[in-house]
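User: Hi! Could you walk me through this one with me?

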Amino acid sequence: MYIVKHRKIFYILSVILIGFSIFSITKYGLNLGIDFKGGSIVEVRYENMNSATSTGAVATSTVGATTTGATVTTESIKASLESLKIGESVIRQAGTDGFIIRTKALSEVERQQIVKALGGEVKRFDSVGPVLGQELQGKAIWSIVLVLLAIIIFITYAFRGVSKPISSWKYGVVAIVALFHDVIVPMGIFSYLGRAGGYEIDALFVTALLVILGFSIHDTIVVFDRTRENLKNFAFGTSSCKKSFEEIVGLSVSQTIARSINTSLTTMLALVALYVFGPTTTENFSLALILGIAVGTYSSIFIGSPLLVTWQKWQEKKRS
């Protein structure tokens with residue numbers, strides 16, 4: 001009941017998060033990866049490499065014209081790439097023994113030149129043309145839109161028997177508002193991280209968003225379903241056990257909050273382990289899921305159900 005009673009506090013926090021996210025996306029934009037804008041990505045690792053920091057690291061392989069035992073840094077790799085005249089490149093350290101290089105879409109000859117210039121062990125090479133990237137970008141947007149549309153239709157149908165004091169379609173609208181919250185906040189954080197740390201929006205990030213939508217709506221529906229059951233028990237019972245809609249929603253949230261938090265924490269523990277110990281290729285994916293599940297759990301408990309109460313009170317005020 002505390003959550004529903006003090007819902008304005010949580011609304012303010014969500015407005016701050018959404019405001020930050022919109023500001024970040026507007027100011028910095030989204031750092032799209034090669035999946036969407038085309039290009040090539042090379043991951044190279046060096047054996048017996050000491051702690052690879054900005055001050056340099058010693059590798060047993062060669063970089064450009066350097067010899068065995070030379071110091072390998074992002075600057076030395078960048079110098080080697082500039083000598084090949086392949087255009088602008090982005091270099092990011094990957095773990096303690098390697099680097100990830102992103103460039104324009106490379107031909108086979110250019111790829112071989114880079115591999116020879118970098119030395120070390122090339123662990124990964126991917127290349128996506130700009131046309132394919134634009135096509136994937138369009139499909140990603142449509143997939144999210146269709147998922148949201150399917151969710152609102154499903155909730156409207158599932159809660160078709162609930163008409164008082166809130167119509168069934170309003171449950172769907174509230175769920176979509178909460179899902180918008182769950183999508184925009186991770187995107188805003190990644191927009192900022194893309195500016196500050198080079199994090200990119202790739203196909204795996206879109207996959208993470210779809211997983212977040214499913215996870216979040218599952219939590220929201222659990223609370224809504226408990227609200228529907230409590231409406232049957234307390235809203236239309238005898239006068240001695242009747243409760244207001246606000247009290248029923250507060251009771252429903254209290255009955256499901258432990259389940260929601262425990263489920264999310266269990267999932268996030270596995271994701272944190274994947275982020276810390278997993279390969280570089282899954283870092284963005286696991287981080288997006290960690291952020292999204294945390295935000296989704298928050299919205300399911302503190303935003304979705306309280307919005308039903310706010311809407312119901314607004315209806316009563318409008319009638320009066």
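User: How are α2 and α10 oriented to each other?
Analyst: They are oblique to each other. This is a predicted model, and in it helix α2 (residues 7-28) packs against helix α10 (residues 283-319) at an angle of about 120°.

User: How far apart are the axes of α2 and α10?
Analyst: The axes of α2 and α10 are 10 Å apart.

User: And is the crossing of α2 and α10 left-handed or right-handed?
Analyst: The crossing is left-handed.

User: Nice. Which residues of α2 and α10 meet there?
Analyst: On the α2 side they are R7, F10, Y11, L13 and S14. Their partners in α10 are Y298, F302, I303, P306, L307, V309, T310 and K313.

User: How many residues of that contact are nonpolar, polar or charged?
Analyst: Nine are nonpolar, two are polar and two are charged.

User: Switching topic: where does T227 lie?
Analyst: T227 lies in helix α8, which covers residues 203-235.

User: Buried or exposed?
Analyst: T227 is buried: its relative accessible area is 0%, and the cut-off for buried is under 20%.

User: What does T227 touch?
Analyst: Leaving out residues up to four places away in sequence, T227 touches Y171, F245, I248, V249 and S252.

User: How far is T227 from S305?
Analyst: In sequence, T227 and S305 are 78 residues apart. In space, the distance between them is 8.7 Å, C-alpha to C-alpha.

User: Now α4, please. Which of its residues are buried?
Analyst: In helix α4 (residues 74-84), the buried residues are S76, I77, S80 and L81.

User: Why do the buried residues of α4 line one face?
Analyst: Looking down the axis of α4, those buried residues fall within an arc of 135°, so they line one face of the helix. In general, an α-helix has 3.6 residues a turn, so residues three or four places apart point the same way.

User: What does the face of α4 turned away from the buried side carry?
Analyst: That face carries the exposed residues E75 and E82.

User: What comes just after α4?
Analyst: K85 follows, with a positive phi of about 55°.

User: Last bit, the whole chain. How many helices and strands are there?
Analyst: The chain has ten helices and six strands. Of its 320 residues, 44% count as buried.

User: What share of the contacts join residues at least 24 apart?
Analyst: It is 71%, taken among contacts between residues at least 6 apart in sequence.

Technical notes. Residues are numbered from 1 along each chain as its sequence is written. This is a predicted model: local features need pLDDT of at least 70, side-chain atom pairs count only at pLDDT 80 or more; totals for chains, interfaces and linings use all residues. Side-chain values use heavy atoms; hydrogens and water are left out. Axes are lines fitted to C-alpha atoms, for helices over the stretch in contact, and angles run from 0 to 180 degrees between N-to-C directions. Helices (H or I, at least four residues) and strands (E, at least two) are DSSP runs, numbered from the N terminus. Angles under 35 degrees count as roughly parallel, over 145 as roughly antiparallel, 65 to 115 as roughly perpendicular and the rest as oblique. A crossing is left-handed if the near helix is turned anticlockwise from the far one by less than a right angle, and right-handed if clockwise. Contact means heavy atoms within 4.5 Å. Ala, Val, Leu, Ile, Met, Phe, Trp, Tyr, Cys and Pro count as nonpolar, Asp, Glu, Lys and Arg as charged, and the others, Gly among them, as polar. Buried means under 20% relative accessible area, exposed over 50%, partly exposed in between (1.4 Å probe, protein chains only). The arc is that of the directions from the helix axis to the C-beta atoms.
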